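Open the structure in a viewer with selection by residue number. The stops below can be followed in order.

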Amino acid sequence: MTQSNRIAGGQIDRSRTFRFTFDGRTYEGHPGDTLASALLANGVRLMGRSFKYHRPRGPLSAGSEEPNALVQLRSGPRQEPNTRATVAELFDGLEATSQNAWPSLKFDAMAINDRLNTFFTAGFYYKTFMWPASFWEKVYEPIIRRAAGLGALTREEDPDEYDKGFLHCDLLVIGAGPAGLTAALTAGRAGARVILADEDFRMGGRLNAETLEVGGKAGADWAAGIVAELSAMPNVRLMPRTTVIGAFDHGIYGVVERVSDHLAVPPKGKPRQTLWRVYSRRAILAGGATERPIAFENNDRPGIMLAGALRAYANRWSVAVGDRVAVFTNNEDGLRSATDLQAKGVDVVAVIDARPGGSVLPGIRHLKGAEVIDAQGRLGLTSITIRQANGRTETIRVTALGVSGGWNPNVNITSHHRSRPVWDEAIQSFIPGPDAPHGLTAAGAAAGALSTHGALATGQAQAIAALADLGITAKAAALPNAEDAPISITPKWYAAGGKGRAWIDPQNDVTVKDVKLAQKENFTSVEHLKRYTTLGMATDQGKTGNVLGLAIMAGLTGRTIPETGTTIYRPPYTPVAMGTLAGRSRGKEFKPFRLTPSHKWAEEQGAVFVEVGMWLRTQWLPKPGETHWRQSVDREVLATRKSVGICDVTTLGKIDIQGTDAGAFLDKVYCNTFSTLAVGKCRYGLMLREDGMVFDDGTTARMGEHEYVMTTTTANAVTVFRHLEYCRQVLWPEMDVQLISTTEAWAQFSVAGPNARKLLEKLVDQDISDAAFPYMGAGSITVRGIRGRLFRISFSGELAYEIAVPTRYGDALIRALVEAGKEFDAVVYGTEALGVMRVEKGHVAGNELNGQSTALNMGLGKMVSKKKDAIGMVLSQREGMTDPNGYRLVGVKPVNPEGRLTAGSHFLEIGAAPVIENDGGWLTSKVYSPHLGCDIALGYLKAGDQKMGRRMRAVNLLAKPPTETEVEIVSPHFFDPEGERLRG
Amino acid sequence: MAETLHSLTALGHSEPETHAAGPCRIAERFDVALASLAARKGREADVERAAKAAGVPLPGPARWKDGAPYAAFWVAPGMWFVEAPFASHEDIVAHLKPAFGDAASITEQTDAWVCFDISAAELSPLLERLCNVDFPGAPDGFATRTVIEHSGCYLVKRGPGQVVLYGSRSSARSLLHALETAAASLA
């Protein structure tokens, strides 16, 4: 088949031919074609099957409102379901397949649903699948999902890239038809920064589809001239193939640019699509209008389309959809389709005009007061049945029918902040309501100005008004001459014929019968109508069907359309691929990595890394011969306790706090006191939330009279900094406090173990003996001449220091520590060994700092000073939080050293049933202690401090069947409870 | 004294590297000493006087100002980041403290950041893919905090095709990757 329906003229490039396939068959088209126009040129009207009834369907429209012609584009990992053939730009080698049909588009076995349509009425699911409840997810839903539906996902990873970006402008113009072009031109000439976005690949909007003249030129040529002028303006950005999908807060618009969709494969490095966030000071919606059909029996036959689409295919894409064409209209615009087609040499056999009286078109059989009441042709239209004004019915043989029930302004984006459109009696449509998003106005057909002159005039006026708001003066230019005919519409929503179904929302297979049923069952509110029938809930958001559906409901209930009301639209305006929303944030690029100063060295050693937030921390460092992580971790723990271990602790948050009120500030944010801390000393601090729960902990050092360095946990580094800034700026702005994060500025390593001092003495230039640098000391040092800091603090219970140098020297320091440590058999240990040693020592960490625990729960109740006010102090004293029988941190050991513990297990008394009433608490952290030779754990146990030595059961309720271990409740300080080692 | 410790750039090299990506040139800077300078409460006038005497520019909000040896950009009310040549001001805090005394809180920031010089004929196409800064609308000398690749950054506009970008040091590689990827898509 070689483009048998191609006619003269149009805006396709006939000098080049594209070959493409649909359902495996090869066709030809030209640059400038859409997939739909190219298929129609080749005589293909059948392009899909409907959602529910699997009815044969062809395109209804020639634009993004298309409900029917949904296809899968491409194959393999690039396969994309639910693509509208009417906007899919043709390219050489395009591969398209039909969807929702089996075994073939022409013979679809699931079309049996169409025969069973009396079962599948509105509310079918709600009435049929009510019981048993257990069947819903396991039986009913899978069946429904298989039977209904659209395209299929490939389940392969999308090989293309998607990008995101940010644009700024004075004026965003949405739509490049006559109104949008005029608005952009007016603003551009005034020097404003303008973005003009249009979803089409050719700017000009309806002018490309019309034969009307603007300023004495063909409309399309006038548009091309304006686009050329705009292109030359440095302050104007033209964005074709770009859809504004939503209006968000403060003048921000979501905008999807289809960068490479019109190519088989994106050029190397280029994204497939870009999601722009446009920050606009003002915006004009010039998105045009969408034609709506008139409902009649079998009005979904392939070949029946909107009258404006029929002439768009002829005028822009040089396609006569049928050789014998009729038009069914209730307004003046529908007549243009008949005259344009006739001018193109197409046989227009009849115009069925629902309006009575008035003049008739010359040279065409123009039937006034008539209506189409049925259509025939299962896989494609063959004839229509009409009823004339005198009641006489007649069957007319046609292969295409254009239907025009009027035009709905594209108000969608104006509704995104819940503005309700208002009814305009003159054009029988909803127009934007008065409370559209701030800064957004509408122009042209989107505002209800349906003539070309109206578009030009309102486009210019709205641009001048918008810029005036911004203090920019734009001049009104003389408008080119353009048609200004009224649409002269007489309402006609439904042409009743026999008992068959008449479609309102073709994508979701909602018919007039469904609306009638909804009315009968009292779902008469538009919101109920929508949910009960699924009207407007398909991927097209009911762009062609909504007004028709509610108008029919209005008729059934005897109310006016304004009384009936309308549902509103939400973003996105048209469907957006998930990949576009994800952008580059996927796989390994989901979030950035943060690397520690010792990362390079650790990588060389074959370290195993663990993600801690965005940090990659060394989890353990396997040595040759070690085949299990426990071997590495046990070795690291034992070596540290025996001699010395080194661990990169740079990830802990570090906040520099200065100012004359720094000490008083810390007294307010920590529950214990810091203003009395001596210069050159550290103290462990506990930070509470306002509700009295523990927020974070860490060590803070006083480096000078008005200078502290706070350490936070790795996980809460940012949260604590934000909290402190809030306290400083909002709670106590009178305090003299300055904050800055220094987490990244210093490479910091813990050096722990009996030989920690000996090791450091080889590197530190100053005296760090116990006398010169006692326990909890802090101060500036030099490390082989490099400025550094030293803190004598311990998380492991050993004699330990944290040594810091500017981060650039971090790699050198870890290497120097390892080298200097050789004589002591020093090890570098990771987060697992760190975890083992802190559990052995009974220190709380993330599992215990769970946001639901108090200082009292953690055995740290005495730290909450009552002598001063601090955040959380008062509320930590609430009844219930001071319950003497509440949770307390305890240590847990298996009675049998071979017994295994599992974190998350619950405490139960011996013999107690595993029910919630008997729950005593839970194991928070569990490790294997190579020092004790058995599993040990920390846990929160009710009245735990009163149960030392008690035997209980630790029950893992998640195991199937539950497992349990008999345990002994002990002090959480498993190792060196007197702390002699760390003071050594 | 034993041998001095060697230093690595934020990207993990002994010398800073320059990367060409698409139409852009991305050069890591390793010669900038950086410190935060915040006026203590009620000492704003003292800070202004001291800054003038020491030759430290204190530009207004969202501005960077050049000087010798110090340049500075505004980061918050009463707070600036001061830049100086690393070779002469490695311990930048030690240089600034005597000038400002107890009128300001000064904290070393040199190694908290990776610093990139980014240049191209026109940087708007790159930056609009990275952050929500209105780069074309910003004057030369514009300085702002922004977010690139989920990380807080400082961006200083030196010209339409010249930017200095400070990003968190630990995610320097990820930031460079984001810059290179965006730049490559412009080719």
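In this predicted model, select α18 of chain A together with β37 (653-658), α17 (662-669), β38 (682-688), β39 (694-704), β40 (707-712) and β41 (738-741): the buried residues of α18(A) pack against these elements. Those buried residues are A:Ala717, A:Val720, A:Leu724 and A:Arg728. Turn the view to look down the axis of α18(A): its buried residues fall within an arc of 75 degrees, so they line one face of the helix. On the face turned away from that buried side, pick out the exposed residues A:Arg722, A:Tyr726 and A:Val730.

Keep residues 717-731 selected to check the helix length. α18(A) has 15 residues and spans 20 Å from its first C-alpha to its last, close to the 21 Å expected at 1.5 Å a residue.

Next, select residues 70-73 and 80-84 of chain A, which are the strands β5 and β6; they run antiparallel and are joined by 3 bridges. A:Leu70 is found opposite A:Arg84 of β6(A). The hairpin has 6 residues between its strands, and A:Arg74 takes a positive phi near 65 degrees.

For the last stop, select β22, β23 and β24 of chain A, an open sheet of 3 strands in the order β22-β23-β24 with antiparallel pairing. β22 (371-376) and β24 (393-397) are the edges, each with a single partner strand, so one side of each has no neighbour in the sheet. From one strand to the next, the twist averages 25 degrees. Zoom in on β23 (residues 383-387) and β24(A), an antiparallel pair with 5 bridges. Here A:Thr385 stands opposite A:Thr395 of β24(A).

Notes. Residues numbered from 1 in each chain as written. Chains lettered and ligands numbered in written order. Predicted model: local features only at pLDDT ≥ 70, side-chain atom pairs only at ≥ 80, totals over all residues. Helix = DSSP H or I, 4+ residues; strand = E, 2+ residues; numbered from the N terminus. Expected span 1.5 Å × (residues − 1). Buried ≥ 20, exposed ≤ 12 C-beta atoms within 10 Å, placed from the backbone. Arc of directions from axis to C-beta. Contact = placed C-beta atoms within 7 Å. Pairing = 2+ DSSP bridges. Axes fitted to C-alpha atoms, helices over the stretch in contact; angles between N-to-C directions.
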